[in-house]
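Please read them alongside the sequence and the coordinates.

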Amino acid sequence: MSDNSTIEWTNATWNPVRGCTKVSPGCKHCYAERTAERFRGVKGNAYEQGFDLRLVPEMLTAPLKWGKPRKVFVNSMSDLFHKDLPEDYIRQVCEIMRMAYWHTFQVLTKRSERMRDLLNGPLSEFVGLENVWWGVSVEDRRFGLPRIGHLRQVWGAKLRWLSIEPLLEDLGRFSLKGIGWVVVGGESGPGARPMAADWVRRIRTRCDQQGVPFFFKQVGGVFKKKAGRELDGRTYDDYPEIEAKEPPNRRIRLDLLDEFENQ
């Protein structure tokens, strides 16, 4: 968890789950796995078990302790809809997002079918939360584009978004109907696969045509800081409109903590 994230499009990360498994080409050079595995076997470290999937219930209530409103990336080191995560635990994560209404939660998954099925079924009470953005990762045509269709089938979502990162090929023509935000970025770190600027330009044009806010995260590459974030000489930092909500005082937040822990 980080209350001061270096990820360009968020303010904080919240990881009530740690670890994951690969499901598509976008996972090949996973930064989260690379980070976690550096600490495998280091006694007392949060990633002593490396990138093995595990629940972290002691982190569930962290957002209730943050008074200042934040954009919060949910599970930057995992996937909330991993097939091995218990439905009841996902429900607890959703309940915290509902209680911490003053934050904006950015949920991102590659398991789009499970997200759709749970939010249209047993977890439907959470799908329309005003402060939760439901999103999917898109890296290519074969694996990524079908996730957009699954996301559209999440009925009642207030905002759906795409993280098109790492962008591994030209996505061709695709619709942004029902999508409220698009983030695009190249892969970074060791072994980073190259991204062509024209692939990004076509997505930017599609966003312009369909009135979707466009955020360009990074060019990527082995040395991503050197490559920077500019596209055609400028940066793109567009967001959906966020309704500012007054956070509760510390006493009320402590009451919320007590309510959750005594459910």
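1. A residue is called buried here if its relative accessible area is under 20%. The model is a predicted one, and the points below should be read accordingly. In helix α8, the residues that count as buried are R253, L256, L257 and F260. These residues lie on the same side of α8, because they cover an arc of only 100° around the axis.

2. Helix α8 itself runs from residue 250 to residue 261 and has twelve residues. The distance from its first C-alpha to its last is 16 Å, close to the 16 Å expected at 1.5 Å a residue. At the N-terminal end, α8 is capped by N249. A side-chain oxygen of N249 lies 3.2 Å from the backbone nitrogen of R251.

3. Against which helices do the buried residues of α8 pack? Their partners are α2 (62-65) and α3 (87-99).

4. The next point concerns the aromatic residues. A pair of aromatic rings is described by the distance of the centres and the angle of the planes. With ring centres required to lie within 6.5 Å, the count comes to twelve aromatic pairs. One of the pairs is formed by W9 and W181, with 6.3 Å from centre to centre and 80° between the planes. This geometry is edge-to-face.

5. The pair of W9 and W181 links distant parts of the chain, 172 residues apart. W9 belongs to the segment before β1 (12-14), whereas W181 is in strand β8 (residues 181-185). Are these two residues buried or exposed? W9 is buried because its relative accessible area is 3%, and W181 is likewise counted as buried because its relative accessibility is 0%.

6. Y239 has a charged neighbour over its face: K71, at 4.7 Å from the ring centre. An arginine provides another such case, with R206 over the face of F174 at 5.7 Å from the ring centre.

Terms used:
Residues are numbered from 1 along each chain as its sequence is written. This is a predicted model: local features need pLDDT of at least 70, side-chain atom pairs count only at pLDDT 80 or more; totals for chains, interfaces and linings use all residues. Side-chain values use heavy atoms; hydrogens and water are left out. Helices (H or I, at least four residues) and strands (E, at least two) are DSSP runs, numbered from the N terminus. The expected span of a helix is 1.5 Å times one less than its number of residues. Buried means under 20% relative accessible area, exposed over 50%, partly exposed in between (1.4 Å probe, protein chains only). The arc is that of the directions from the helix axis to the C-beta atoms. Contact means heavy atoms within 4.5 Å. A polar contact is a pair of N or O atoms within 3.5 Å; within protein, one must be able to donate a hydrogen and the other to accept it, and residues adjacent in sequence count only if both atoms are side-chain atoms. Rings of Phe, Tyr and Trp (its six-membered ring) pair if their centres lie within 6.5 Å; planes under 30 degrees apart count as stacked, over 60 as edge-to-face and the rest as tilted. A charge sits over a ring if NZ of Lys or CZ of Arg is within 6 Å of the ring centre and within 35 degrees of the ring normal.
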